[in-house]
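Please read the points in order, with the model on screen.

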Amino acid sequence: MLRLGVLASGRGSNFQAIIDAIGSGRLNAKIELLIVDKANAYAVQRANKHSIDHVFINPKDFSSKDDFFIAIRDELQKRGVELVILAGFMRVVQKPFIDAYANRIMNIHPALLPSFPGLHGQRQAVEHGVKISGCTVHFVDEGMDTGPIIIQAAVPVCSEDTEESLAARILLQEHRIYPEAIRLYSEGRLKVEGRKVIISSPTDEGCCIINPLLG
Ligand code: GRF
């Protein structure tokens, strides 16, 4: 069974979606550990409710970003974590951590990358006036939301949309595609070739945008 480690900073609704996917049997994995960088992250309450171990690692206890991420890496390795899930983790991960988990760290971003990377992807989409936005699950590299793309889902953007209304529409899709990406990984179906993530058969589901507009 795939051993997961989840990193979160706040609400943790994507963390919850993964817990639920495991609970319903859609995802064959075990969450070994939740790591938070904020003591009061709501994700901790979710972990407690589901008897998942959690650790608070305080960035203020470290003199450098690298040292902070080395502590995270060590904690994950101690628990035998095979795949790391960034679920609303509000920090740019550093090289010592990425090197230890190359192509084994996933992130979800609330926009159709490479559009609108960084903070406030939904606000950027509304302000830019795009008609379609969405979310992206990708492997993490050293850039800001630049790693190889695994799955995307598209949602319409309406002229009345605010950042909040668009964020809510996108979030529904986040909760659908993040467990799905982890499932594909757990089945050994993701292969990274340069910038591309090749999703192997039995179906061609990864070859196109998984688009709710198309059903
Ligand atoms: C999500 O919108 C995700 O795309 C972004 O941060 C937010 C986290 O939400 N990376 P939650 O903590 O999972 O509810």
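1. Start with α5 and α6. Their crossing is right-handed. The two axes cross at roughly 120° and come within 9 Å. α5 and α6 are therefore oblique to each other. Keep in mind throughout that this is a predicted model.

2. Which residues make the contact between α5 and α6? From α5 come Q122, R123, A125 and V126. From α6 come E163, L166, A167 and I170. By type, the residues of this contact are five nonpolar, one polar and two charged.

3. Next, α1 against α6. Helix α1 covers residues 13-23, and helix α6 covers residues 163-186. Their axes lie 9 Å apart, and the packing angle is about 50°. α1 and α6 are therefore oblique to each other. The crossing of α1 and α6 is right-handed.

4. The α1 side of that contact consists of S13, N14, A17, I18 and A21. The α6 side consists of L171, E174, H175, Y178, P179 and I182. Seven of the residues in the contact of α1 with α6 are nonpolar, three are polar and one is charged.

5. Now α1 against α2. Helix α2 spans residues 42-49. The axes of α1 and α2 are 9 Å apart, at an angle of about 20°. That angle makes α1 roughly parallel to α2, because angles under 35 degrees count as roughly parallel. This crossing is right-handed.

6. The contact of α1 with α2 holds four nonpolar residues, two polar and one charged.

7. Turn to the ligand. Which residues surround it? They are R11, G12, S13, N14, G88, I108, H109, P110, Q122 and E174. Q122 takes part in the contact of α5 with α6.

8. Look at the ligand's oxygen atoms in detail. One oxygen atom is 2.5 Å from an N or O atom in the side chain of R11. For S13, an N or O atom of the side chain is likewise 2.5 Å from a ligand oxygen atom.

9. L113 and P114 are joined by a cis peptide bond, with omega about 10°. Where is P114 found? P114 sits in the loop between β5 (105-109) and α5 (121-128).

10. Last, S51. Its phi is near 55°, a positive value in a residue other than glycine. S51 belongs to the loop between α2 and β3, and β3 covers 54-56.

Terms used: Residues numbered from 1 in each chain as written. Predicted model: local features only at pLDDT ≥ 70, side-chain atom pairs only at ≥ 80, totals over all residues. Heavy atoms only, no water. Axes fitted to C-alpha atoms, helices over the stretch in contact; angles between N-to-C directions. Helix = DSSP H or I, 4+ residues; strand = E, 2+ residues; numbered from the N terminus. Parallel < 35°, antiparallel > 145°, perpendicular 65-115°, else oblique. Left-handed = near helix turned anticlockwise from the far one by under 90°. Nonpolar A, V, L, I, M, F, W, Y, C, P; charged D, E, K, R; others polar. Near = heavy atom within 4 Å. Polar contact = N/O pair within 3.5 Å; in protein donor to acceptor, adjacent residues only side chain to side chain. Contact = heavy atoms within 4.5 Å.
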